[in-house]
Every structure is written in structure tokens, then in C-alpha cells.
Amino acid sequence: MHQYIERVVDLTDPDANQIYNLTLDQARERILNGDTKDVRAIDGSFALVAREGKRVRLARSLDRPLRYFLAKRHEGPALVVADRMDTIRAWLDREGFGNQFHPSYTRMVPAHYVVEIQLLGCPDPDPVYTRFFDPQRDQQPQELDEVGRRYIEALAEEIRKWLIRIPSHEPVGVCFSGGIDSGAVFLTTYHVMLKLGITPSRLKAFTLSFDGGPDLTQARQFLGQLGFDLFLEPIEAMLSDLDIQETIRVVEDYKPLDVQSASMAMVLCRNLRARYPDWKYLVDGDGGDENLKDYPIEENPELTIRSVVHNQMLYQEGWGVGRIKHSLTYSGGLSRSYTRTYAPARHFGFNGFSPFTRPNVIEVAEGVPFVKLTDYSVDRLYELKGEIVAHGIKSLTGFEMPVFTKRRFQHGAMPMEIMRKQIPDQEAVLRKTFLSLYA
């Protein structure tokens, strides 16, 4: 019998992991041999590969993409792992396997699962998926002030763990629209900095604005009501700054809403980098909408309020592993679309942080008794997020947080009608652009 010689190529950046309670080797050991509770207890941001012989396990947190590709060699399979498709493709080209590559042949490790692959040769068995983060529904009380307190306290603890690891000379920027999520992140970060004895002079609120974008007015109103005007720093941009093909190349995806959002992130990060060549740390509110289910249901014909409130982490994970509509190439929900935040920040050399994506924060949100609190009312669901977060901010910080109607990043940076003219919302058009990168 032919003895296959397997190969595992880990192209991930170990320095991109931010694990608070373990070394990288200890975390890998938990992923390789630990049970789900051990993996769940890895505290921080990670995308890791662990191997023993022909058995390989991969796992990641929600805020880190992790891709793999199985190349065929005469000697045996080669498993190539990276955070990006183009990194995998470049390795295959160097090794002489470039003709095997197609973006749809890459696989995304879904967030919150350990993926086990057995490198046994041809044909290769399907991976085995084991969930390690399993928050339960309806674990929180119905009192909004108590739910809000628990939610924002969990947020504050994640921000605290992040802040204490930032060198004392480094400034901190908040990607700020004045909306509920970025507002909560800004006020909580300010509060935690004071508690830690960190001067808030290190803090800035960066607001992206094209001519006439409504977010800048909202940001000024938000901070002005609290007497925090001095923290605001507008980042003025021009329509000529938009480069849709570059955005698609960086995020390696073609979903219209994500390409639109990522385009704003690209412009923000590029302008920030030009203004501040050495700036490193950015914090944002990504994940807040997903946690408290604040997306317009009527815009998606596949959704009803019942599907939203009855499916575990629907907005974080999509329809879920093992379901017909789960994409092996991309995963689903925020597990897929977080590249809109991760890729632009990393492309321009920033260390990004989205505290709402942390499991301890999601766990509180997932435990909210949405059915009892909404009685399946869509309007009531849309109201809940602002009430929960405002109660929590008031409890933690004492601030009366302004609450404005939800608006997507791309619709706040520039008027919606201009956005629609600049970036096509036809997925087929964007997919064609994406595939042209690999022609």
C-alpha cells in the first residue's frame, strides 16, 4: 500500500492572535485535545491550527477569518491555511500547484467551531465540525435595566482587557458614527480609561464623512449633548477616494452590503493612515447589530421575525453549519462578513478591536428573552436595542446616551442616493469583478 506523506502549511500570523489567558502553544493544545469547554475558555481573539500526525484541527474567534485549501500532491495531501485566499494562492503558485486553485475551492472555518480534518489521501473525508460556543436563549431577565447592565458590563470588561495591553504611549481611536453601537463603545471606553487611570487625552472619535454624509451631524449632536465635542475628529473624504475593485480585492468577497461597508472602511483607514502614519489601535461597534438583532427584516425576503428570534446566533453565523444555505467557501452571517472590518484595518496596518464580537458579550445578548419582550412585534424588536444599551450605559457610566435611529455605516458616511450611484448593489456585477481577479 502507498503510504501518503501529508503536509500542513500554516501561513497565519501568530502575532495577530491576542489571547489573554494562555500561550499560543497552550491554546493549540486545547484545540487539538481539549473538550469544548476548554476551547470556549480560550479568552481573546485567535485563529489557530493544531496538528498531531494526520489529524488537524482548526478554530477561530468571530473576529478572525481562517481559510484552508487542500492541495493534491503525488506524495500526499497538503493542507494550506491562511487568513486570505490570495495568500493561499501565492503559496500554491510558488510550489507549482497554482493550476489547482480556484477561490471557491478554499474553505472558511466557521466561527465558534472546531474543524477536524483527517489527511488520509484521496479521496479526503469531510471535515468534522464541533461547536465550542453554545450560548443559550432566554437566560436573561425581562427587566431591561438589568439586561442592559449585564450587557454593558460584559462590554466594559472586554474593553478593559484590551486597554491594559496597549502601551501607555499609544493613542486609541474609536470608529464613530454617533449610532448606538459606536456610541456605547466610545462612552464605555472613556469610562474604563478613567477607571484604569488612563488619561482620556489618548482617545479620539473618528467620523468618516463624504460631502453631506449624515453621520457627521449625528456624531456632533451625540458628543455635543454630553460635552465631549473635543474628542471628535472628522475624516473628510471625496468620492474619488472610492475604489470598488480594490475593496473587493482586499475583502475577497462580493456581497453588496459588505462591499459597500468595506469601501467606507477602506477610505477611513487610508485617510487615517495618511494623517497618522504611526497610529495603531482602533476600536469599533461591529457586531452590536447582530447581537441585539437590529437589522431591517423587511429587506431580506428569507427572514421573518420568528426566524430571527428563534434561530441561535442567526446574524452571527447565518443559517448554520450543516444547513443547505451554509456556504463552505464563506461561512455565514458575521462569521462571513467580518472581513469588511478585519481586512481593511489589517491592510492599512491597524490593530482593530470589535468588543461586541466577544463570546462573553454575545452570551448575554443571546440570552435576552426576545419573544417575551417583543411578542413577535417587528417594531418592538427594533426599539429594544436602543433601550437595552441606553439602560446599560446609564447604569455603568451615569451618562444619558443619545439614541438615534439605526443607519448602516455606508448610508451614514454619504447620502444613500449617492451611495447607490457609486457602488452597484447587484451581486452578480460584484461577483464578476471578484472572479476577474483570478482569471
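**Reading the core and the sheet**

Author: In the largest nonpolar core, of 61 residues, Tyr 151, Trp 162, Leu 163, Phe 186, Leu 187, Phe 228 and Val 389 touch the most other members. Helix H4 (residues 144-163) gives the most to this core, ten residues. This is a predicted model: local features need pLDDT of at least 70, side-chain atom pairs count only at pLDDT 80 or more, and totals for chains, interfaces and linings use all residues. Residues are numbered from 1 along each chain as its sequence is written, and side-chain values use heavy atoms, without hydrogens and water.

Reader: What is a nonpolar core?

Author: A set of buried Ala, Val, Leu, Ile, Met, Phe, Trp, Tyr and Cys residues joined through side-chain atoms within 4.5 Å. Buried means under 20% relative accessible area (1.4 Å probe, protein chains only). Another core, of 45 residues, lies apart from the largest one; among its members are Leu 208 and Phe 350.

Reader: How do strands of a sheet pair?

Author: Through backbone hydrogen bonds, either parallel or antiparallel. Two strands pair if DSSP finds at least two bridges between them. Helices (H or I, at least four residues) and strands (E, at least two) are DSSP runs, numbered from the N terminus. Here five strands form an open sheet, ordered S13-S12-S11-S14-S15, with parallel pairing. Strands S13 (232-236) and S15 (351-353) are the edges, each pairing on one side only.

Reader: How many bridges join strand S11 to strand S14?

Author: Three, between S11 (residues 172-175) and S14 (residues 281-283). Gly 173 stands opposite Leu 282 in S14.

Key:
Buried means under 20% relative accessible area, exposed over 50%, partly exposed in between (1.4 Å probe, protein chains only).
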